[in-house]
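Dear colleague,

Please find the structure below, handed over for your reference. My notes on what was found in it follow directly after.

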Amino acid sequence: MSFESLNLHETLGRALTAASYTEPTTVQEQAVPAALAGKDLMVSSRTGSGKTAAFMLPALTLVLKAREAQRAARAAQAAANPAAAGAEQPREPRDFREGRGRRDNRFDGPRVYTKPTGPTVLVLCPTRELAMQVAKAAMDYGRYVPNLSVATVVGGVPYPAQLKALRGPLDILIATPGRLIDHIGAGKAVLDNMQMLVLDEADRMLDMGFIDDIKHIASNTPATRQTVMFSATFAGSVGNLARELLRDPLRIDVASHTDTHADIEQRLHWADDFTHKNALLDHILTGREVEQALVFTSTQRDAEVLADRLAEMGHSVDALHGGMPQGRRNRVLQNLRSKRVRVLVATDVAARGIDVPTISHVINFGLPMKEEDYVHRIGRTGRAGRTGLAVTLAERRDFGMIQRIQRFTTQRMPVATITGLEPKRGEPVATTARPGGKPGGKPFGARPGGFGGKPFRPAGKPFAKKAGPRPAR
Ligand code: AMP
């Protein structure tokens with residue numbers, strides 16, 4: 001299928017050509033025509049599959065149509081009553097004087113002052129980073145849409161700029177649920193004219209406890225809206241939410257967590273202890289094939305401490321986690337994109353929206369808390385047609401989680417070693433009974449001997465010593 005056959009607006013076609021996209025990805029092929037036809041959608045597709053364009057191209061199409069309709073209405077009004085249309089210009093209406101309106105000069109024809117009308121499209125995202133990423137995609141794909149107005153409303157940043165943006169004119173609003181609820185509560189967010197609601201990474205938003213916020217936001221939007229929901233899974237509460245918010249949805253399941261991730265090579269290194277794990281990391285990071293690396297830790301503190309240690313070793317490195325102020329997080333991401341930073345040490349939530357195609361390596365230094373986060377993590381590499389390497393460094397105590405991840409992805413992580421840094425102890429194997437009495441089985445490459453079920457003492461104390469301050473970067 002070609003982009004031409006999607007019959008997109010000429011401005012969008014030009015943007016795709018400028019982005020050097022030659023053909024739609026699978027999710028775009030399936031979701032774009034259905035969304036353009038006005039269908040509600042439930043979509044599961046892996047990160048890096050092009051899902052942002054899958055909803056942003058139809059969203060921008062709606063924006064263009066809404067403008068066309070407004071332009072036609074203005075023209076009809078002017079034709080019916082030319083005197084009134086002309087007379088309106090020099091007068092400053094009450095709304096504008098009170099600061100609630102804004103001059104809307106995006107359209108052809110007479111310039112008029114309008115009340116805030118709110119966005120045509122609202123996208124809800126779980127994290128600030130993802131919201132920023134979606135906003136960037138909106139500006140990229142909408143780069144030839146004249147005066148396109150895209151705003152983000154996310155937590156952790158000051159209110160005034162957001163209030164100004166909400167007064168409009170506004171085409172696409174991208175928000176995290178918590179902050180948008182604040183604005184709705186204060187009567188500052190108008191959602192009456194919204195035509196499309198997009199829920200991106202809905203499963204993640206529910207994990208983060210946003211379910212009531214999402215329902216409240218949806219109840220403030222027109223019932224006639226189109227709703228598009230993206231989620232890794234539609235099981236359980238996400239499915240219930242979909243049933244509540246979507247009308248006769250089309251289900252699109254492009255790829256699931258059991259995807260083979262053909263563009264991402266996965267490797268598992270067993271480490272004897274924490275010191276060994278650090279040595280493996282140091283060896284990998286000094287490799288010339290590392291263009292940029294994203295190193296995951298389990299906690300914010302671990303991210304800080306590890307970034308400090310790597311900086312002391314001379315790496316251009318920064319940390320990214322949810323405990324950092326938004327301004328700093330934005331600067332870190334800018335530094336990553338502009339390649340001023342080669343190694344980024346991050347936690348799961350903070351790294352969720354990162355889309356930097358030059359990330360050649362994802363390294364799991366600390367394992368994720370949930371197996372689905374492993375899939376999100378490795379999806380940060382192998383993007384936009386490139387290949388990537390996802391390396392997991394595990395100690396024996398991580399064996400349970402490694403098994404859970406392998407069961408979740410239904411794939412084995414191939415075990416690898418580095419010459420001179422081989423583990424002294426053999427590879428752990430599954431036992432017939434797991435702690436808690438549940439049958440463990442021998443799912444992946446289990447072999448007799450080795451770790452068995454014996455208790456072991458985690459060797460090395462993670463981050464026992466606080467490293468010195470990072471040199472100025
Ligand atoms: P996403 O899944 O939306 O995060 O997109 C992953 C990456 O694929 C982004 O870097 C996009 O710019 C890129 N991308 C999206 N659609 C296409 C396409 N049709 N052709 C080539 N690259 C694309």
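T410 is partly exposed, because its relative accessible area is 49%; buried means under 20% relative accessible area, exposed over 50%, and partly exposed in between (1.4 Å probe, protein chains only). This residue lies in the segment after α17 (399-409). T410 is not a glycine, yet it has a positive phi of about 55°. N147, also not a glycine, has a positive phi of about 50°. N147 is found in the loop between α6 (128-141) and β5 (150-153). Most residues other than glycine have a negative phi.

The model is predicted: local features need pLDDT of at least 70, side-chain atom pairs count only at pLDDT 80 or more, and totals for chains, interfaces and linings use all residues. Residues are numbered from 1 along each chain as its sequence is written, and side-chain values use heavy atoms, with hydrogens and water left out.

The chain as a whole

The protein chain has 17 helices and 15 strands; helices (H or I, at least four residues) and strands (E, at least two) are DSSP runs, numbered from the N terminus. Of its 473 residues, 51% count as buried. Among contacts in the protein chain with a separation of 6 or more, 74% come from residues 24 or more positions apart, where contact means heavy atoms within 4.5 Å. The accessible surface of the protein chain comes to about 21200 Å², and 52% of this belongs to carbon and sulfur atoms; accessible areas come from the Shrake-Rupley method with a 1.4 Å probe, and for residues only the protein chains shown count as cover.

The ligand site

The ligand is surrounded by 15 residues, the closest being Y21, Q28, G50, T52 and R383; a residue is counted if one of its heavy atoms lies within 4 Å of the ligand. By class, this shell has 5 nonpolar, 6 polar and 4 charged residues. Here Ala, Val, Leu, Ile, Met, Phe, Trp, Tyr, Cys and Pro count as nonpolar, Asp, Glu, Lys and Arg as charged, and the others, Gly among them, as polar.

A polar side-chain atom of Y21 lies 2.4 Å from an oxygen atom of the ligand. A polar backbone atom of G50 is 2.7 Å from an oxygen atom of the ligand, and a polar backbone atom of E23 is 2.9 Å from a nitrogen atom of the ligand. Taken alone the ligand exposes 490 Å², of which the protein buries 82%.

Helices and buried residues

In helix α11 (residues 236-245), the residues V238, G239, L241, A242 and L245 are buried. Seen down the axis of α11, these buried residues fall within an arc of 160°, so they line one face of the helix; the arc is that of the directions from the helix axis to the C-beta atoms. They pack against β1 (41-44), β7 (196-199), α9 (202-207), α10 (211-219) and β8 (226-230).

P58 lies in helix α3 (residues 51-80) and is buried, with a relative accessible area of 2%. Leaving aside neighbours within four places in sequence, P58 is in contact with V32, A35, L36, A53 and M196. The C-alpha atoms of P58 and A35 are separated by 6.0 Å, although the two residues are 23 apart along the chain.

R329, in helix α14 (residues 326-337), counts as buried because its relative accessibility is 2%. Not counting residues up to four places away in sequence, R329 touches R128, E129, L320, H321, G322, M324 and A350.

Yours sincerely

Notes: Polar contact = N/O pair within 3.5 Å; in protein donor to acceptor, adjacent residues only side chain to side chain.
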